Amino acid sequence: MTAPRHPARLGSADRDLLLRLLDTPTAGPLETGGDTTGVRLWDAGRAYAAAAAPLGLTTVRHAAPDPDELDLDDVPLTVREAAAGRSGFLACQPSLVLRLGPLLPRADTVMFNVHLDTVGGWWPASFDGARFHGRGAIDAKGPAVALLAGIRAAMARDPAIGTDIAVLVQAVAGEEGGAMGTYGTRPLVREGLTGALNLFCEPTRHRYLPRATAAMTACVEVAGVDAVDDCPAAGHNATVLLGHLAHHLATVLPGRVPGAGVCVAGLHTGDRHNKVYGTGRLLLNLSYGTRATARAAEAALHAAVREGIDAFRASAAAEPTLARTVEDAAALTSVRWHKRGLPALDSRAAWADDLLGKDAGLVRWPDTEPAFTCDAIWMADVPDTCTAVLGPGDLGANRAHADGEFADLADLDRYAEEIARVLTAFAARRRAHPSAPR
């Protein structure tokens, strides 16, 4: 591929913007233990919009979500509980939408989605000339800034971008902390702020990923009676029962439903040594790539819990201190869903492969490699669109969600160039095939 006439790279103003964004704490209240006072997403959005304005990107909206978004059935329980009684929960989490060009039909529009919120854990930003350090450097403030550099280069290469081709940029909150985009990205998608091609800026090592998994969170609860350690048989031992179920589910459930992932996560009953705890809970995450897989995984979990209870009763029947727990195990144990019903994305399409692969020179994420969860799931049921996840860096290697998160300037420059190629390829395709993509 010949060198572009107008190379895409981060200039000094872009680097200053990224450092400013990294120095702006934007972890939402789901990541800060409910604190809303230090969440500066409004400031980050204003800074991003101001930097985009010289390119011709105008603000379509910059607003906090409507409280009604939390009343929908598939909003995770953790979100509902965190928002309950806290008027500032949504007020401090605005999402920003920018537009380049006139209001055009979806077929002539490309949408980019990037999130400005981060996980918790902040430290002063730094740049040594080659590498940015700071919370959000790779997930996803660095990609957000590189996106603007890519749009700028694309406009210089093809005057159709911003005139005959419109560009939407969603810079959202509510991606991290388990919010799953329910009050950030989803409302924007429902408003129709989308394009024929929609790219979500997440680390994929520069490979485009037309899939996104979703996840369910199940809580296996035991609601029994406590006992003193001197008389353990007088109560129910939730620790032993849930411990058995944790082992059973971890060894039996994986592989039972093809395409579903299983993570046996936290188990809690109590912290004291001189007490038998009769209540407790065990958390599990089940990931899936299709709604059918989700339904099968849900049924499999319920069946495996019943099997685990039966196995516990058989194995513990001879132990006198567990007699009451054995007798009542089935009645004490229930499954409560903290999160379920979320869509999963599979947006593989021949025209998108042609555009992103052949025209823009990108490599597709292998179908044999598992996808991951991100806000792209909300594009699953939008007709006449194609969606992919594309970004620089690697969630693990770049220490996203961990101390020492970083992004290399060369990686961000490469991403800006990829954005420019995608936009110019889209514009060329529209000129050559006015009826596509469909």
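**Helix packing, cysteines and backbone in a predicted model**

Helix α5 (residues 141-157) packs against helix α11 (residues 409-432) at an angle of about 45°, with their axes 7 Å apart. This is a predicted model: local features need pLDDT of at least 70, side-chain atom pairs count only at pLDDT 80 or more, and totals for chains, interfaces and linings use all residues. Residues are numbered from 1 along each chain as its sequence is written, and side-chain values use heavy atoms, leaving out hydrogens and water.

Q: Is α5 roughly parallel or oblique to α11?
A: Axes are lines fitted to C-alpha atoms over the stretch in contact, and angles run from 0 to 180 degrees between N-to-C directions. Under 35 degrees is roughly parallel, over 145 roughly antiparallel, 65 to 115 roughly perpendicular, and the rest oblique. The angle here is about 45°. That makes α5, relative to α11, oblique.

Q: How many nonpolar residues are in the contact of α5 with α11?
A: Contact means heavy atoms within 4.5 Å. The contact residues include Leu147 and Ile151 of α5 and Leu412 and Leu423 of α11. Ala, Val, Leu, Ile, Met, Phe, Trp, Tyr, Cys and Pro count as nonpolar, Asp, Glu, Lys and Arg as charged, and the others, Gly among them, as polar. The contact has 3 charged residues, 3 polar ones, and a nonpolar count of 13.

Q: How many disulfides does the count come to?
A: A disulfide is a pair of cysteine sulfur atoms within 2.5 Å. For cysteine 374, the nearest cysteine sulfur is that of cysteine 201, 10 Å away, and cysteine 374 is in no disulfide. By this rule, the number of disulfides is 0.

Q: Is cysteine 374 buried or exposed?
A: Buried means under 20% relative accessible area, exposed over 50%, and partly exposed in between (1.4 Å probe, protein chains only). Cysteine 374 has 3% relative accessibility, so cysteine 374 counts as buried.

Q: Is arginine 399 buried or partly exposed?
A: Arginine 399 is found in the loop between β18 (386-389) and β19 (406-408). Its phi is positive, about 60°, although arginine 399 is not a glycine. The relative accessible area of arginine 399 is 40%, so this residue is partly exposed.

Methods:
Helix = DSSP H or I, 4+ residues; strand = E, 2+ residues; numbered from the N terminus.
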